[in-house]
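Please look over the sequence and the structure shown here before reading the briefing that follows.

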Amino acid sequence: MLKVTIDGQTIEVPEGTTILQAARMLGPEVAPPAMCYYSTLETSGGYCRTCIVKVTKGSEKDPRPMPKPVASCRTMVMDGMEVQNKTSPELLEARKGVVEFLLANHPLDCPVCDQAGECHLQDLSFEHGAESTRYEFERRTFEKIDIGPNVQLHMTRCILCYRCVKVADQLTPGRSHGVLNRGDASEISTYIEKSIDNEFSGNVIDVCPVGALTDKTFRFKNRVWFTKPMDAHRECDKCSGKVALWFKGADVLRVTGRKDAFGEVEEFICNTCRFEKKDAADWKIEGPRVIDHKSVISSNHYLANNQVPDFAFREVADYKAIEDKPVQPVPAQNQLNN
Amino acid sequence: MEALTNRSKRVSNKKLSLGERLYLPAIVGGLGITIRHFFKKKVTIQYPEEQRPMSSVYRGLHVLKRDEQGRERCTACGLCAVACPAEAITMTASERKKGEEHLYREEKYAAVYEINMLRCIFCGLCEEACPKQAIYLQSDKLAPSFFSRTDVIYGKDRLVQSMETITSAKSVKSGLTTSDRYVDKVWKNGKY
């Protein structure tokens, strides 16, 4: 076991763990944000640079600090390593620069975008970005292409995290889309505009950190924060059938995978569950999904007795435990100042 | 007992004098006060013929703005509805079709946009939240009175700015919200 200290918190991790994984074990408060790394997708990570951390002590044997910020998703932990994330002001400044680069070509069409409210780039720029843009040039735009009846591609919003390409590579038998061209001109596309039609292709929607790949069956239906997420499952011969349903009144507007505290789905779901089962009668509903109280999705939704859901250190799926738990007094820092 | 303040009056049971018992001086005195009010400046006005000047930061009836080319600015992003403390706003979005580019500014627009004026508290938070400068609370128009509950839900027919007003310079409030205009006014007057 290797000992690593991140932002003053020490944890022992097995060999071969990356700094990001170790930080995630400590909890979402410590973990650096990640736009391209996805724990369940192999070889993901290393593109976006948002997870950079400062290594102030390399290891017990070689205590020299690393010369520049390193991508925590690709750097392995060494014994006795000391890492600074949010405690280092210069690192936060560097991350601000990374966010600025990610936003350089990103259109500011959040009012139109269906991802708004659960967009990782939105959260990232809110937490780590600058208040305004310095970019004065024409933003990169693309011709709209149709990649099938279920998935809407907005190439202008893409930040080239390659997550969807990894999904296509690793989850589906025949890869039908990838990245064309290079550098600034690279774009996610299907080969000769062939539509994506294999059974797990809908997962590209869930892994996309921005609104580049969105659900066509949910397009402009409603804003995420006006819908009510419920955990549900059904018998499915292709996937686990464990999903989150997004209700508006009695209608199921959207079906997604269950995302954890790091925005990663717990289990990938099949296209039948995602696109074709939009009737509440198809599902066995388990109960309301707990959303981080800082998220806009939980705005104007309150729990009984002023409880604040302890999202961070809880298994996302076992909302039941929270319901059965006796009501605990709200900690002082969570109470509103009068 | 000692009085707490020096304003307390001792009550006496002393008999009224003849003049006091007649009540005439008191009646005349009271009439005098009434007659004096005839010659004072009136506190009321003849509404609606006469109208009081309204503050430029007054928050009256909502309007859904159009841009300079007459296209609706609202894209149904829902930020006004989520900001609304009274939950008075509801909307349904729709996708702009080909050939409707002159009607709607963005690819998405509000097919239905309703404000429940019974719920609305005219706080102006919708105006503050709007990223497209689409909704404003007019300073010169009040929400009219209503006599049935069905009249209270204002749809797009009553909220969207009329096409006649878009060319006049007055209709564009240069993208300032009520609080911006307030701050602006306060700074101009030198009172802050």
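What is the order of the strands in the open sheet of 4 strands in chain A, and is their pairing parallel or antiparallel? The order is S12-S11-S10-S13, and the pairing is antiparallel. This is a predicted model, in which local features need pLDDT of at least 70 and side-chain atom pairs count only at pLDDT 80 or more, whereas totals for chains, interfaces and linings use all residues. Residues are numbered from 1 along each chain as its sequence is written, and chains are lettered from A in the order in which they are written.

**Sheet in chain A**

- Strands are DSSP runs of E of at least two residues, numbered from the N terminus, and two of them pair if DSSP finds at least two bridges between them.
- Strand S12 (251-256) and strand S13 (284-288) of chain A are the edge strands, each pairing on one side only.
- On average, neighbouring strands of this sheet are turned by 35° against each other, direction ignored, with axes taken as lines fitted to C-alpha atoms.
- Strand S11 (residues 242-248) of chain A runs antiparallel to S12(A) and is joined to it by 5 bridges; Ala244(A) has Thr256(A) as its bridge partner in S12(A).

**Domains of chain A**

- An automatic or database domain assignment divides chain A into domain 1 (2-90), domain 2 (105-220) and domain 3 (221-338).
- The contact (C-beta atoms, placed from the backbone, within 7 Å) takes 8 residues from domain 1 of chain A and 5 residues from domain 3 of chain A.

**Contact between chains**

- The contact takes 10 residues from chain A and 12 residues from chain B.

Conventions
Two residues are in contact if their C-beta atoms, placed from the backbone, lie within 7 Å. Axes are lines fitted to C-alpha atoms, for helices over the stretch in contact, and angles run from 0 to 180 degrees between N-to-C directions.
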